[in-house]
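Hello,

Here is the structure I promised to pass on to you.

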Amino acid sequence: MKTWIPILILLIAVVGLCVWDGVHTDRVFEKLENDSMKIYETVLTTDITDENLQEQIKNLDDYWTKKMDILCISISRKDLQIISDYLQYLYSAMINENQEDAITYSRILTYNIKGLNQTNGIDMLNLL
């Protein structure tokens, strides 16, 4: 009986970590997907020198920088690196005031976030 208590505590801890990680991952990717889509739609209609647009890009970069290390618990850093790369390309296009590159990189960023969300998010297909 004494061995069942630590096993049960360990089981509850592992299941709790898995549930927390799944919910956290889903929330992070939902925010990333929404923000990147807003940036993409804004880049199509607004000049890259717009301060509001630049603030959105900076905020997304800061958010991703904070959340990426936590996501490495369950997702390989190699898989997450593509998001970082295209986010930095978008940031560089903003600094260089290159509208065409900003459109391209914001679209690729949105596409990669959606793909990573589908492969790692909570979804019925992933449970199969």
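At 40% relative accessibility, Y89 counts as partly exposed, where buried means under 20% relative accessible area, exposed means over 50%, and partly exposed is in between (1.4 Å probe, protein chains only). Before the rest, some housekeeping: this is a predicted model, in which local features need pLDDT of at least 70 and side-chain atom pairs count only at pLDDT 80 or more, while totals for chains, interfaces and linings use all residues. Residues are numbered from 1 along each chain as its sequence is written, and side-chain values use heavy atoms, with hydrogens and water left out.

**Confidence**

The average pLDDT of the protein (the predictor's confidence in each residue, from 0 to 100) is 91, and 94% of the residues score at least 70. Helix α3 (residues 77-95) has the highest confidence, at a mean of 94, and helix α5 (residues 124-127) the lowest, at 65. Helices here are DSSP runs (H or I, at least four residues; strands would be E, at least two), numbered from the N terminus.

**The tyrosine cluster**

Rings of Phe, Tyr and Trp (its six-membered ring) pair if their centres lie within 6.5 Å; planes under 30 degrees apart count as stacked, over 60 as edge-to-face and the rest as tilted. By this rule the count comes to three aromatic pairs. In one of them, the ring centres of Y86 and Y89 are 5.4 Å apart with planes at 80 degrees, so the pair is edge-to-face. Y86 is buried, at 19% relative accessible area.

Y89 also pairs with Y105: their ring centres are 5.1 Å apart and their planes at 40 degrees, so this pair is tilted. Y105 is partly exposed, with a relative accessible area of 22%. Through these ring pairs, Y86, Y89 and Y105 are linked into a cluster.

**The loop between α3 and α4**

E97 lies in the loop between α3 and α4. Its phi is near 55 degrees, a positive value in a residue other than glycine, and E97 is exposed, with a relative accessible area of 51%.

**How the helices pack**

For the packing, axes are lines fitted to C-alpha atoms, for helices over the stretch in contact, and angles run from 0 to 180 degrees between N-to-C directions. Angles under 35 degrees count as roughly parallel, over 145 as roughly antiparallel, 65 to 115 as roughly perpendicular and the rest as oblique. A crossing is left-handed if the near helix is turned anticlockwise from the far one by less than a right angle, and right-handed if clockwise.

- The axes of helix α1 (residues 4-45) and helix α2 (residues 51-71) come within 11 Å and cross at roughly 160 degrees, and α1 and α2 are therefore roughly antiparallel. The crossing of α1 and α2 is left-handed. Their contact has 13 nonpolar, five polar and four charged residues (Ala, Val, Leu, Ile, Met, Phe, Trp, Tyr, Cys and Pro count as nonpolar, Asp, Glu, Lys and Arg as charged, and the others, Gly among them, as polar).
- α2 and α3 have their axes 10 Å apart, at an angle of about 160 degrees, which makes α2 roughly antiparallel to α3. α2 passes α3 in a left-handed crossing.
- α1 and α4 have axes that come within 9 Å and cross at roughly 155 degrees, so α1 and α4 are roughly antiparallel. The crossing of α1 and α4 is left-handed.

S36 is found in helix α1 and is buried, at 1% relative accessibility. S36 and I108 are 72 residues apart in sequence, with their C-alpha atoms 9.8 Å apart in space. L44, also placed in helix α1, is partly exposed, with a relative accessible area of 46%. L44 and T104 are 60 residues apart in sequence and 9.9 Å apart in space, C-alpha to C-alpha. Q118 lies in helix α4 and is exposed, at 55% relative accessible area.

Best wishes
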